[in-house]
Structures are given as structure tokens and as C-alpha cells.
Amino acid sequence: MQKMRFEKREVKRLMVVALTLLVSVTLAAPTVAGAVKQKVRAPGPPRVLLVGDSLTGNYGPGAATQLRLRGYQVTVAYIGGSGLLDSDKCHGRYARRLLRTVQPDVVVYQNKGNYNLLTQAGVPPCRPQLGYGTEAFYSRWERAAKQAQKILTKNGARFIWVLNPSVSLRIDPGARIVPRLNAIYSKLAPSGGFVDAWTAFGGTTYDPSLHQADGLHLSAAGSELMANLVVAAVG
């Protein structure tokens with residue numbers, strides 16, 4: 001059973017969840033007897049959902065502030081150490097819960113590839129467990145990403161994947177896994193539907209000034225850069 005070693009500190013924090021939720025109400029259109037009720041969008045300004053792992057926790061607050069100044073209602077939903085193959089995500093439960101509670105118009109999704117980190121918090125990986133970074137791992141990760149995108153765009157939301165920046169080469173196997181996951185996100189993204197943080201952060205040239213000392217998380221400068229990229233993508 002393998003773990004992504006560079007987010008062990010996140011496990012100790014046990015699923016830090018930052019949710020800035022405004023009230024979301026599901027309305028039903030008037031119907032005649034026996035007719036099927038049609039869900040309609042709850043009233044309010046355009047809703048943006050920023051969802052992901054601890055990197056979303058890094059950049060999310062700054063992006064949310066900028067987006068609110070542009071008139072958006074913003075939800076930042078992150079779980080440190082989480083991944084798309086956690087048992088609450090690979091079957092779509094988490095995405096459905098966000099769809100129901102947030103009703104987003106725009107979804108920005110980021111995940112750097114955490115695997116099997118939250119077992120101590122009661123969220124084991126989906127069965128069967130896979131070798132971390134194996135072809136089977138990538139195949140199932142792609143299916144889970146595709147499912148999350150399908151669920152969260154069910155009501156017509158615009159979907160944006162974040163192509164993650166590189167991590168320090170001393171982080172193994174994370175340094176090798178990030179580019180493979182970015183390729184998956186690029187493949188799934190609707191036309192123009194991704195934030196290319198990989199290129200903006202230097203591609204394969206790791207810039208330590210944009211990261212914290214652990215080689216993974218974003219520094220203040222990195223968080224600001226990521227927030228600006230996301231805000232520009234949302235528009």
C-alpha cells in the first residue's frame with residue numbers, strides 16, 4: 001500500500017475542509033398534476049466552485065476575493081491530502097454533493113495526485129487498491145476525473161481543469177506523476193477549459209520561489225500567480 005509521501009502533513013491535519021458556502025436553494029417549476037417537476041437554477045449571481053486538494057487551499061482564498069469583486073458568488077472547497085481515487089470521490093458522491101449544494105455555473109477543478117492518504121481520517125481509497133503510478137492507477141484516475149466532470153457539468157456549468165505545476169525533483173514519485181495527470185486533464189478538458197499552471201510555473205524547470213520549503217505547496221508568490229491564472233480563466 002503506497003502513499004504520496006510529500007503530503008504526510010496533510011494527513012495529520014485530517015481533511016481540512018474550507019467551505020465558503022452561500023445559501024443555495026433548489027426551486028421547482030410549477031407543474032400540473034402528474035407532471036414531472038423540473039429543477040431550475042436558484043437565483044443569485046454567477047456561482048464559481050473552486051475545488052481540489054491543499055493547493056486549492058493555497059490559492060483559493062486569493063482567487064475568491066478577486067472573483068467576488070467581479071460579481072461572482074464563490075465556494076472554495078478543498079480537502080488537504082485528498083485524491084480522485086478516495087472512496088468518496090471515485091464513485092461520484094463528492095461531486096454530486098457539490099452539485100446539489102453549490103449549483104455551480106463555473107467549476108475549477110485541481111488535484112495533484114494524492115493517493116491513500118486519508119485512511120486515518122476514515123476515507124480509504126477505492127477498492128481494489130492500486131500500485132501508485134501504475135498504468136492501472138492512471139486509467140482509473142482518468143475514469144474518476146471524467147465522472148467528476150460529467151456530474152458537475154450536468155446542469156450546464158463551464159468546467160476548467162487546472163494543469164498542476166511541477167514539484168521538486170526530490171519528491172518521488174510525485175515529480176513523475178504530475179505530468180501524467182496533467183495529460184489526462186488536458187485530454188478531458190472542454191475546448192480551452194484548462195488553466196496551464198504547468199507552463200506558467202516554469203514547466204519542467206522547478207522554481208523554488210513559487211513553492212514552500214516542502215517542494216510541493218505554493219508560497220505566497222505561487223499562490224498569487226495561481227489565483228491570477230484561475231481568475232483570468234474564469235473571466
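**The open sheet and its helices**

Five strands make up an open sheet, in the order E4-E3-E5-E6-E7, and the pairing is parallel. Here strands (E, at least two residues) and helices (H or I, at least four) are DSSP runs numbered from the N terminus, and two strands pair if DSSP finds at least two bridges between them. The edges are strand E4 (73-78) and strand E7 (194-196); each has a single partner strand, so one side of each is left without a neighbour in the sheet. From one strand to the next, the twist averages 15 degrees.

The model is predicted: local features need pLDDT of at least 70, side-chain atom pairs count only at pLDDT 80 or more, and totals for chains, interfaces and linings use all residues. Residues are numbered from 1 along each chain as its sequence is written, and side-chain values use heavy atoms, with hydrogens and water left out.

Within the sheet, E3 and E5 pair in the parallel sense over four bridges, and leucine 49 stands opposite valine 107 in E5. E5 also pairs with E6 in the parallel sense over four bridges; tyrosine 109 has tryptophan 161 of E6 as its bridge partner. Strand E6 (residues 158-163) pairs in turn with E7, in the parallel sense over three bridges, where valine 162 has valine 195 of E7 as its bridge partner.

Both faces of E5 are covered: Val106 and Val108 on one side, and Val107 and Tyr109 on the other, are all buried (under 20% relative accessible area, with exposed over 50% and partly exposed in between; 1.4 Å probe, protein chains only).

Turning to the helices, helix H4 (residues 135-152) lies across strand E3 (47-52), strand E5 (106-109) and E6, and runs at about 150 degrees to E6. H7 packs on the sheet as well, touching E3, E5, E6 and E7, and its direction makes about 155 degrees with that of E6. Contact means heavy atoms within 4.5 Å; axes are lines fitted to C-alpha atoms, for helices over the stretch in contact, and angles run from 0 to 180 degrees between N-to-C directions.

Helix H7 (residues 220-234) also meets helix H2 (residues 54-69): their axes come within 8 Å and cross at roughly 45 degrees. The two helices are therefore oblique to each other (angles under 35 degrees count as roughly parallel, over 145 as roughly antiparallel, 65 to 115 as roughly perpendicular and the rest as oblique). Among the residues making this contact are Tyr59 and Leu67 of H2 and Met226 and Val230 of H7.
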